[in-house]
Amino acid sequence: MRNVDDRSITAAVIEQLARCASPRVRQIGESLVRHLHDFVRDVEPTQEEWSAAISFLTETGKMCSATRQEFILLSDTLGVSMLVDAINHRLPQRATQTTVLGPFYVERPPERALGDLIDTREGPALFCEGTVSDVNGKPIAGAVVDTWHSDAEGFYDVQGKDGLSALTGRARFRTDENGRYWFRTVLPAFYPIPHDGPVGRMLDAQGRHPFRPAHVHFIIEAPGYEPLVTHVFLAGDPYLDSDVVFGVKDSLITRVTRHERGKTPGGHAVEQPTNLLHFDFRLADQQDGRLRRSSESSEHPASA
Ligand code: BEZ
Ligand code: FE
């Protein structure tokens with residue numbers, strides 16, 4: 001097609017996608033072009049503004065490294081990560097709700113024994129405990145529990161100068177025969193997401209703060225169940241209602257209590273006074289997750 005103008009350009013690009021062999025790639029390509037062109041027609045950027053947008057994306061890419069993922073931060077702060085999460089996790093009501101993964105997960109974290117101290121950094125002690133069960137409360141033994149969190153200063157281990165070679169405040173456990181998990185660590189604080197790059201400049205320009213409320217991350221997996229990617233948020237945090245990545249759900253907020261010496265509610269002996277976080281996880285059946293996904297895609301067939 002020749003002589004395109006600010007309207008006919010959209011059909012011209014979509015016409016070139018007609019030979020695409022994969023229906024899904026074609027559907028995504030067409031939708032992207034339609035929405036992107038509508039966005040540009042809506043905003044009517046100047047040539048300088050478009051050039052600034054290209055520079056912003058270029059800098060976002062250049063900022064990425066083994067321990068810094070600026071594109072995930074961009075997706076998170078624009079609400080896209082939580083949108084993708086919501087679309088993919090229409091789980092039964094009794095299942096624990098999901099939230100963002102975030103950029104600080106490390107594949108194959110250090111394996112620890114139940115009850116171990118997992119964080120060598122300074123900070124108030126925290127005892128974490130709870131159970132992993134199915135949606136009816138039947139305990140799941142041998143579930144893999146990955147956890148990671150910031151320290152009392154609001155930093156993740158990978159943000160330190162030794163990066164991936166100094167992992168602490170993260171671990172992998174397996175639940176016991178009663179589906180229980182428990183470990184010792186330090187109390188995490190609220191923190192700003194990394195904001196010394198293009199995403200931080202975007203937040204500034206938009207008049208937004210960069211903070212996330214204090215939380216402990218979990219990924220829980222067991223055969224036959226939907227993997228659960230979630231956090232437990234600490235009640236009373238000042239940023240619960242303005243999380244910069246929109247990840248907070250009421251059902252994931254719990255109060256940290258003070259526990260003196262003796263047995264915890266989960267039945268574990270504690271030698272020193274500590275803060276205590278108790279949270280029980282319920283995993284959705286994999287079959288259920290699959291059924292919900294397939295019925296949704298047949299109820300909302302992709303538009304061609
Ligand atoms: C996090 O919770 O670790 C996180 C999530 C999104 C952006 C930055 C950090
Ligand atoms: Fe986090």
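**Domains, pockets and cavities**

1. An assignment of domains divides the chain into domain 1, covering 1-44, and domain 2, covering 80-290. The model is a predicted one. Taken over C-alpha atoms, the centres of domain 1 and domain 2 are separated by 41 Å.

2. Which helices each supply at least two residues of the lining of the largest pocket? They are helix H2 (23-43), helix H3 (47-62) and helix H5 (80-88). H3 gives the most, with 6 residues. By class, the lining of the largest pocket holds 14 nonpolar residues, no polar residues and 1 charged residue.

3. A search of the whole structure returns 2 cavities of 30 Å³ or more. The largest cavity contains about 80 Å³ of space. Its lining is made up of Leu73, Asp76, Val100, Gly102, Pro103, Phe104, Tyr191, Ile193, Arg212, His215, His217 and Val245.

4. Two elements, helix H4 (70-77) and strand E7 (215-221), each supply at least two residues of the lining of the largest cavity. How does this lining divide by class, and how many of its residues are charged? There are 7 nonpolar, 3 polar and 2 charged residues in the lining of the largest cavity.

5. The ligand site may be read alongside that cavity. Ligand 1 is surrounded by 13 residues, of which the closest are Asp76, Tyr191, Arg212, His215 and His217. Asp76, Tyr191, Arg212, His215 and His217 are also among the residues that line the largest cavity.

6. For Arg212, a polar side-chain atom lies 2.5 Å from an oxygen atom of ligand 1. A polar side-chain atom of Tyr191 is placed 2.7 Å from an oxygen atom of the ligand, and for Tyr156 the corresponding distance is 3.4 Å. On its own, ligand 1 has 260 Å² of accessible area, and the protein covers 100% of that area.

7. The second largest cavity has a volume of about 30 Å³. Leu91, Ala95, Thr96, Glu226, Pro227, Leu228, Arg282, Leu283 and Ala284 form its lining. The residues lining the second largest cavity comprise 6 nonpolar, 1 polar and 2 charged.

Terms used:
Residues are numbered from 1 along each chain as its sequence is written. Chains are lettered from A and ligands numbered from 1 in the order in which they are written. This is a predicted model: local features need pLDDT of at least 70, side-chain atom pairs count only at pLDDT 80 or more; totals for chains, interfaces and linings use all residues. Side-chain values use heavy atoms; hydrogens and water are left out. Domain bounds come from an automatic or database domain assignment. On a 1 Å grid over the protein atoms alone, a cavity is a set of points where a 1.4 Å probe fits but cannot get out, and a pocket is an open set with protein on both sides within 12 Å along at least five of seven lines; lining residues have an atom within 4 Å of a point. Grid points are joined across faces, edges and corners, and a volume is the space filled by probe spheres set on the points. Helices (H or I, at least four residues) and strands (E, at least two) are DSSP runs, numbered from the N terminus. Ala, Val, Leu, Ile, Met, Phe, Trp, Tyr, Cys and Pro count as nonpolar, Asp, Glu, Lys and Arg as charged, and the others, Gly among them, as polar. A residue is near a molecule or strand if one of its heavy atoms lies within 4 Å of it. A polar contact is a pair of N or O atoms within 3.5 Å; within protein, one must be able to donate a hydrogen and the other to accept it, and residues adjacent in sequence count only if both atoms are side-chain atoms. Accessible areas come from the Shrake-Rupley method with a 1.4 Å probe; for residues, only the protein chains shown count as cover.
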